[in-house]
Amino acid sequence: MEDRIAMMHDDPAVDLTVDGSAVGGMLAAAFGVEMTAAPGQCAHCHTVSVVGAMRVYMRGPGVVLRCPACAEVVLRIVQTPRGTMIDARGAAYLVIERG
Amino acid sequence: MSIDWQLAMVTAVRDETPTVRSFTLGLPGWAGHRPGQHIDLRLTAADGYSVERSYSIASEPERAGEVDITVERIPGGEVSPFLHEVVVPGDRLEVRGPIGGYFVWEAGLGGPLLLIAGGSGVVPLMAMARHRARAGSRIPARLLFSSRGPDEIIYRDELDRLAAAGDGFAVAHTLTRQQPPGWTGYARRVDEQMLAEVIEPLGAGVRAYACGPTALVETVANALVRLGLPPDRIRTERFGPTGT
Ligand SMILES: Cc1cc2nc3c(=O)[nH]c(=O)nc-3n(C[C@H](O)[C@H](O)[C@H](O)COP(=O)(O)OP(=O)(O)OC[C@H]3O[C@@H](n4cnc5c(N)ncnc54)[C@H](O)[C@@H]3O)c2cc1C
Ligand SMILES: [Zn+2]
């Protein structure tokens, strides 16, 4: 886990990461409610953090959200012509608050 | 909650520095925002190709029916040069928002408040400072603001006025590349020692908000943890690779 965080910090691509609020608009459009204050649990290390505190990489074809504690992937979001595809296998849970 | 795209009318354009410009966007149906939130802006070309970028809201929520955004021109960028070179008052822009519920501060949340900005990262922190002043709050607040040179300090005059108001708001500048003769502020990149000095007068229970280029926010967040701030009191907004 420590190694992974070190890796994340050494990686020049880290300069391209932003915080979870950068995908707040996309998530609000997909879920219909504000999501950056929504807590989620990392399925890898079980840390609970709000989406706004997750690390986001959005320069690729999709968007990847990583756990701030262990840097594992929690959510992947891809916009397709059919709609928004969310791969949530890295999340133990995500709380969607009443809008 | 409606997060649909809507058309904003550009009602004013103002230069802040040689490379930074503010735009006032008229939004008649605007539901209001919280300081620290942003909007998404979408540009669509005639062939249907579209790009989206996020821009923090600079204005305080007390101003109804419009928001200000402040944009740094990134050479070679897709969106910011367009906003600088093409957009004039009377134009319409597609936006959605307000967005975000995490990187926000309102007077009701309390303090003391530590704001750390690099370059255009000052924008959402300015919304917090403007809101604090308009709400008549006397919560102790300090802004540590890193800019490249004296001509690149965004909102310089307004920050001077806010700091002179005597209501508990202070500003410390650091100029990383070029300092004017007689400069008494800091003259290096933000580091742990600098943060320790700026945070000291605020005492215990500080809430910290750091915003700007990812590299700077990274440094600040790590240093604040080493200085003993609980991680849940440190909120960050990374703008990406750009800026100071
Ligand atoms: C939540 C949030 C709020 C923001 N608020 C503001 C604000 O208030 N004011 C402001 O000025 N900016 C703000 N930004 C940054 C803004 O969204 C844009 O990133 C910025 O304006 C640059 O966009 P652009 O289209 O002009 O440049 P882009 O076309 O995105 O390029 C930007 C720079 O990054 C480089 N780059 C692009 N892609 C890559 C890549 N794959 N690998 C390496 N380098 C790359 C480019 O060469 C260029 O130098 C905010 C960002 C976020 C996430
Ligand atoms: Zn984790």
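Me: Which residue stands opposite A:Gly40?
Reply: That would be A:Ser49, which sits in strand S3 of chain A. Keep in mind as we go that this is a predicted model.

Me: Okay, and how do S2(A) and S3(A) pair?
Reply: They pair in the antiparallel sense, over 3 bridges. S2(A) covers residues 39-42.

Me: What sheet do S3, S2 and S8 of chain A make, and in what order?
Reply: They make an open sheet of 3 strands, with the order S3-S2-S8 and antiparallel pairing. Its edge strands are S3 (48-50) and S8 (91-94) of chain A, each of which pairs on one side only. On average, neighbouring strands here are turned by 25 degrees against each other, ignoring direction.

Me: How many helices and strands does chain A have?
Reply: Chain A has 2 helices and 8 strands. Following the sequence, you read α-β-α-β-β-β-β-β-β-β.

Me: How much of chain A is buried?
Reply: Of its 99 residues, 42% are buried. There is also a number for contacts along the chain: taking those between residues at least 6 apart in sequence, 51% join residues at least 24 apart.

Me: Switching to chain B. What is the strand order in its 6-stranded open sheet?
Reply: The order is S4-S3-S6-S1-S2-S5, with antiparallel pairing. At the edges you find S4 (50-56) and S5 (66-72) of chain B, each pairing on one side only. Neighbouring strands in this sheet are turned by 40 degrees against each other on average, direction ignored.

Me: Over how many bridges do S3(B) and S4(B) pair?
Reply: Over 7 bridges, in the antiparallel sense, with S3(B) spanning residues 38-44. If you want a spot to look at there, B:Ile39 stands opposite B:Tyr55 in S4(B).

Me: Where does helix H2 of chain A lie?
Reply: H2(A), residues 24-31, lies across S3 and S6 (92-99) of chain B. The helix runs at about 80 degrees to S6(B).

Me: New topic: which residues touch the most other members of the largest nonpolar core?
Reply: That core has 26 residues, and the ones touching the most other members are B:Leu115, B:Leu125, B:Leu143, B:Phe145, B:Tyr155, B:Phe169 and B:Tyr209. Elements of chain B that give two or more residues include strand S7 (113-118), helix H2 (122-134) and strand S8 (141-147). H2(B) gives the most, with 6 residues.

Me: What does B:Phe169 touch?
Reply: Leaving out residues up to four places away in sequence, B:Phe169 touches B:Leu115, B:Ala129, B:Arg132, B:Ala141, B:Leu143, B:Leu159, B:Leu162 and B:Ala163.

Methods: Residues are numbered from 1 along each chain as its sequence is written. Chains are lettered from A and ligands numbered from 1 in the order in which they are written. This is a predicted model: local features need pLDDT of at least 70, side-chain atom pairs count only at pLDDT 80 or more; totals for chains, interfaces and linings use all residues. Side-chain values use heavy atoms; hydrogens and water are left out. A nonpolar core is a set of buried Ala, Val, Leu, Ile, Met, Phe, Trp, Tyr and Cys residues joined through side-chain atoms within 4.5 Å. Buried means under 20% relative accessible area, exposed over 50%, partly exposed in between (1.4 Å probe, protein chains only). Helices (H or I, at least four residues) and strands (E, at least two) are DSSP runs, numbered from the N terminus. Contact means heavy atoms within 4.5 Å. Two strands pair if DSSP finds at least two bridges between them. Axes are lines fitted to C-alpha atoms, for helices over the stretch in contact, and angles run from 0 to 180 degrees between N-to-C directions.
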